[in-house]
Amino acid sequence: VQADAIHPGYGYLSENANFADAVRNAGITFIGPSSSAMSSLGDKRSAKAYLRQHDSSIPLIPGVISSSQDPNELEKSAAEIGYPVMLKASAGGGGKGMRIVRDGSEFSDALQRTQSEAARLFGSSDCILEKYIESGKHIEIQILGDQHGNVISLIERECSIQRRHQKVIEETPSPWIDAKKRQEMCQAAVGVGKLLNYENAGTVEFVFDVDTGNFYFLEVNTRLQVEHPITEETTRLDLVALQIFVAGGGDLSTVAELSPMPQIGHAIECRLCAEDPSRDFYPENGTLRLWRPAALASTDPRHVRFETGVATGSQVSIHFDSMIAKIVVWAPTRAHARAKMIKVLSDTACIGVETNQLFLQSCLLNDAFSDPSYTTSFIPKSLSALVISPYAQSTSRLRSALPLLASFVLKALPQYLPEEPYKRPFTRMRSRFRNQAFDPTNRL
Amino acid sequence: VTSARSDDVLCAWLPQQTTRIDGITAPLPSATVSSGNTTTPSVAVSYNALSNALKLDQIPGQREHSVSITSCQASIATSGSAQWITASLNVCLDRATFKVDIVTDQSFLAATSITNVAQSIRVMLHIPQLGSWLGFNVYSLLSYYESLREAIGEAADGSRKTVTAPMPCKVLSVLKKDGDQVKAGEKLLVIESMKMEISISAHLDGVFRSKVQEQDAVEEGSPLCVVEQE
């Protein structure tokens, strides 16, 4: 294809050091960090070990770094750290290959499942063990480095609304941290980047203990992340363009838009997933019979983004992640952004496959979302309330009329269908067609 | 008759007086009637109950609504060999206007397809005020009672508990051997879907018999294993 460069997206290949090497060896620019940064950060154990060794100022979560995978030894360490603990695939990411263990009796089964998932998904069954912080916030800092030693931070994203350890709603700026804390976290993130001569886009994830106000380094994602659009919306920067710029040798200190970096308004992203929240978020599949993004996506396209690969008639299969669309809105304030997102979600027709559309609206309308100190237990804590339609009360009269509407429309529909155009025979023949050229009457 | 999840509703039209169409919705008269020593719901009995209620011109719990279509744009959507209708409408429901997106599961809406024995047409609709879509299976009176008769026939056989796949998936491991005694809550199989491992456990005590092998790809709803009560 004669490509000069490859952008690996944010799938599994984007953090695969072997893939990055193979691309570079083929003489093609890989738009991403060096494979050495990837391998030292992509593996959670070596990332923690590296940071502990080189920069003691970066706070780490209490846990076990020893590489022993012996179940008995790990179980013993788990008891020492104190339950609940978190098991993680060392090479993992994207919320896969993670389990919380609350009790010693569950430990060996959980370890087995996590190791087996890790082996199949990430090619290594290696697992690490960490203290699980119960009232934690997940806050991450976007960083960007170039080949000239510059590493900058593009401020934080708050990603605490999670189910199955996967983010569903993200926002920026975080409603909770103040300017001082923000600066502290950005500094720590840039510190991690500088330490590694980090090049291109990366995300330094922290877990924030709401009770103590302390934050701990979690991991570095050496790729552009799913939720990067909210950073783009509030900084007015195009992250992919900047990625290509630094991959081509560009110097970030020469980019006028970055000094000072703007940070305007508030942005929220929701991940629309084919899943059933009332059945433990089981993935759903089927035919998407109608996909019509909210009207605001066309009337306010600058501040309402739909990023999706689906259309009416798409098949939602089990072979990929259950996410079918990312919906991003921007507004001057958090309250406005929240109201706008609810409007956009409710006006989007996504018919035929069970999704978390209503669940997302429940989350946004929930009182707990107004409290800036919400943590990753937001969903687990109020699950039973969140799976109920937030509109159940206000629409009871409408609901009782729906069966009548359905049967009425069904009867009326045929008259509104476009007439099948009558297909005349020979319409594709050119006019004055003659097929017997040798017949003198057909000669012009 | 329309059915959504568990609530089956009767829809009937009132004599037309204006351009607006009025109709009623009402819960169907209870179908479970104990007759003698059997408590199996009888289709004939529930049909008679409805028939009597209609004769009296008053069905318990009925509600009156009015419906009219202000505008409608319909088209046929295609995916592979499947065809269905999508439409975007403005409707007037009980004197309030709503924007409605509607799809069906088939493109033949002729009266014959709904009177087919035990068949229904599925209508799915989205209204912004609802926040998401809802689906209804629309039956004629005859096809509804025929579908009930079939459903009752299937439910009669109950002592064997077939565990079916909750979603299309791959079987990673079968943890029990055929003939094993299993207890409710015990893990039977591990399946994988959307890159996630999910354990399937027994709902009741019994003897395990597998219907699949490791590495099998399984469709949603197809049997994974049977737990037979002795």
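In the predicted model, helix H6 of chain A is followed by Asn197(A), a residue with a positive phi near 50°. The helix itself covers residues 179–195. Its 17 residues reach 24 Å from the first C-alpha to the last. That span is close to the 24 Å expected at 1.5 Å a residue.

Several residues of H6(A) are buried. They are Met185(A), Cys186(A), Ala188(A), Ala189(A), Val190(A), Val192(A) and Gly193(A). An α-helix has 3.6 residues a turn, so residues three or four places apart point the same way. The cover over the buried residues of H6(A) includes both a helix and strands of chain A. Helix H3 (44–54) contributes, as do S7 and strand S8 (151–163). Strands S10 (200–209) and S11 (215–221) are also part of this cover.

Salt bridges were examined next. Over all chains, the whole structure holds 36 of them. In one, the side chains of Arg102(A) and Glu134(A) meet at 3.1 Å, N to O. Arg102(A) sits in the loop between strand S5 (98–101) and helix H5 (107–122), and Glu134(A) in the loop between strands S6 (127–131) and S7 (136–145), so the pair ties together parts of chain A that are 32 residues apart in sequence. Both partners are partly exposed: Arg102(A) has a relative accessibility of 46%, and Glu134(A) has a relative accessible area of 40%.

A second pair joins the side chains of Arg305(A) and Glu232(A), again as a salt bridge, at 3.1 Å from N to O. Arg305(A) belongs to strand S17 (residues 304–308) and Glu232(A) to helix H7 (residues 228–235), so this contact ties together parts of chain A that are 73 residues apart in sequence. Arg305(A) counts as buried at 18% relative accessibility, because the cut-off for burial is under 20%. Glu232(A) is buried too, with a relative accessible area of 9%.

Chain B supplies a further example. There, Arg209(B) and Glu228(B) form a salt bridge through their side chains, at 3.3 Å from N to O. The pair links distant parts of the chain, 19 residues apart. Arg209(B) lies in strand S14 (residues 206–210), and Glu228(B) in strand S16 (residues 223–228). Arg209(B) is partly exposed at 32% relative accessibility. Glu228(B) is likewise partly exposed, at 29%.

Salt bridges also form a network in chain A.

Note on methods: Residues numbered from 1 in each chain as written. Chains lettered and ligands numbered in written order. Predicted model: local features only at pLDDT ≥ 70, side-chain atom pairs only at ≥ 80, totals over all residues. Heavy atoms only, no water. Salt bridge = Lys/Arg side-chain N within 4 Å of Asp/Glu carboxyl O. Helix = DSSP H or I, 4+ residues; strand = E, 2+ residues; numbered from the N terminus. Buried < 20%, exposed > 50% of the residue type's maximum accessible area, 1.4 Å probe, protein only. Expected span 1.5 Å × (residues − 1). Contact = heavy atoms within 4.5 Å.
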